[in-house]
Amino acid sequence: MIIRLTLGSWRFTFSMAPITKVIGVDSILPDGNHILMWDFDDTTLQKVIMALEDVQNVYHLPTIYILETKPNKNYIAYCFKKVPWRKAVEIIAFTKGVDWNYFKYGVYRGRFTLRVSPKCGRKPKLVWKLKSDVAEDAYVTDLRNWVQYE
């Protein structure tokens, strides 16, 4: 809910919204490289698969793991490939349907972050793997930047 109050030439705005604290992980690795992470909202699994298959083929990426964060609507994806920051930005920007706010704030902060903990009772769950013959060169154990946010 948003409440606006105007007094003379001043406007005061108050907002109220429920918050949920969640835990996320950043894309940055200890060596300064990044793994690839994507966020897709208000879409279908089929569209996510098609977009990520295109990216995987163009950039010769290893397996991409797709997780559902909201049933039949929101998805995230991980690819354990080490890339420099500029290449990560290029690849995520190339991906059709990626959430614009996720991309914008990731570029602004210099790292991408995805939620790993439950939110409103919904826990991310693996729903698809885009397999590849290309070997992974990063591992989940390499991820060191875990953050709590609202």
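**View 1. S27 and the residues around it.** Leaving aside neighbours within four places in sequence, S27 is in contact (heavy atoms within 4.5 Å) with N33, H34, I35, M37, W85, R111 and F112. Please keep in mind that this is a predicted model, in which local features need pLDDT of at least 70, side-chain atom pairs count only at pLDDT 80 or more, and totals for chains, interfaces and linings use all residues. Residues are numbered from 1 along each chain as its sequence is written, and side-chain values use heavy atoms, with hydrogens and water left out. You will find S27 in the loop between β3 (22-26) and β4 (34-40); helices (H or I, at least four residues) and strands (E, at least two) are DSSP runs, numbered from the N terminus. With 0% relative accessibility, S27 counts as buried. Buried means under 20% relative accessible area, exposed over 50%, and partly exposed in between (1.4 Å probe, protein chains only).

**View 2. Aromatic rings in pairs.** The whole structure has 7 aromatic pairs. Rings of Phe, Tyr and Trp (its six-membered ring) pair if their centres lie within 6.5 Å; planes under 30 degrees apart count as stacked, over 60 as edge-to-face and the rest as tilted. Y78 and F80 make a stacked pair, with 6.3 Å from centre to centre and 10° between the planes. Both Y78 and F80 are buried. W85 and F112 make a tilted pair, at 5.2 Å centre to centre and 40° between the planes. This pair links distant parts of the chain, 27 residues apart: W85 belongs to helix α2 (residues 85-94), while F112 sits in the loop between α3 (100-109) and β7 (113-115). W85 is partly exposed, at 22% relative accessible area, whereas F112 is buried, at 1%. Ring pairs also join W85, W100, Y102, F103 and F112 into a cluster.

- K82 and D31 meet through their side chains at 3.5 Å, N to O. K82 lies in strand β6 (residues 74-83) and D31 in the loop between β3 and β4, so the bridge ties together parts 51 residues apart in sequence. K82 is partly exposed, with a relative accessible area of 30%, and D31 is partly exposed too, with 45%.
- E68 and K125 meet at 3.7 Å, N to O. E68 is in strand β5 (residues 64-70) and K125 in strand β8 (residues 125-130), 57 residues apart. E68 is buried at 10% relative accessible area, while K125 is partly exposed at 46%.
- K81 and D137 have their closest N and O atoms 3.5 Å apart. K81 lies in strand β6 and D137 in the loop between β8 and β9 (146-149), so this bridge ties together parts 56 residues apart in sequence.

Key
Salt bridge = Lys/Arg side-chain N within 4 Å of Asp/Glu carboxyl O.
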